[in-house]
Amino acid sequence: MFNSPTKSKEKTETSKEQNRISAGTVITGDIEAKGGFRIEGSLIGNLSTSGKVVISKGGLIKGDLTCQNADFEGSFDGELNVEETLSLRSCAVIDGEVNAGKLSIEPGASFNATCTMKGAVKSLKKDDQKQKERSA
């Protein structure tokens, strides 16, 4: 009973933390974090966080990204896994594979990726199984 407020408070505090890769900075390697990220520089590697990731104009990720929400103005090349909402601004450039809960794309964004929406995949697989059963 006394521990639950502390645990929820710790989760709230870590999710509010903001990490930043400044413009002109290039990081090569994998990053795991609990807080959000703002990337203005370049990350060549994988990023995994339970927070929100913002890729500013001029920012770049080459690798895999797993996060809760993402907002792109910069570039991405790799596998992108977003639990909730992926927002692409007009200057965003996305290449690779995308798995997202919701997708928002402004006109002008470049989206050259295969895309899977999380909610729809389960029902499609069930429909495929029903069709196989009917044809057998």
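Contact here denotes heavy atoms within 4.5 Å. The model is predicted, so that local features need pLDDT of at least 70 and side-chain atom pairs count only at pLDDT 80 or more, while totals for chains, interfaces and linings use all residues. Residues are numbered from 1 along each chain as its sequence is written, and side-chain values use heavy atoms, leaving out hydrogens and water.

Beyond its neighbours within four places in sequence, D71 is in contact with K52, V53, V54, I55, S87 and R89. D71 belongs to strand 10 (residues 69-72); strands are DSSP runs of E with at least two residues, numbered from the N terminus.

| Residue | Relative accessible area | Class |
|---|---|---|
| D71 | 13% | buried |
| E97 | 44% | partly exposed |
| D30 | 59% | exposed |

D30 occupies the loop between strand 2 (26-28) and strand 3 (31-33). With neighbours within four places in sequence set aside, D30 is in contact with G45 and N46. Its C-alpha atom is separated by 8.6 Å from that of L43, 13 residues apart along the chain.

On the surface, D30, E32, D64 and E97 form a patch of negative charge. Such a patch joins like charges within 9 Å, among residues with over 30% relative accessible area and no salt bridge, the latter being a side-chain nitrogen of Lys or Arg within 4 Å of a carboxyl oxygen of Asp or Glu. E97 is placed in strand 12 (residues 93-105).

Technical notes
Patches are made of residues with over 30% relative accessible area and no salt bridge: like charges are joined within 9 Å, nonpolar side chains (Val, Leu, Ile, Met, Phe, Trp, Tyr) within 5 Å. Accessible areas come from the Shrake-Rupley method with a 1.4 Å probe; for residues, only the protein chains shown count as cover. Lys and Arg count as positive and Asp and Glu as negative; His and the chain ends are not counted. The place of a charge is taken as NZ of Lys, CZ of Arg, CG of Asp or CD of Glu. Helices (H or I, at least four residues) and strands (E, at least two) are DSSP runs, numbered from the N terminus. Buried means under 20% relative accessible area, exposed over 50%, partly exposed in between (1.4 Å probe, protein chains only).
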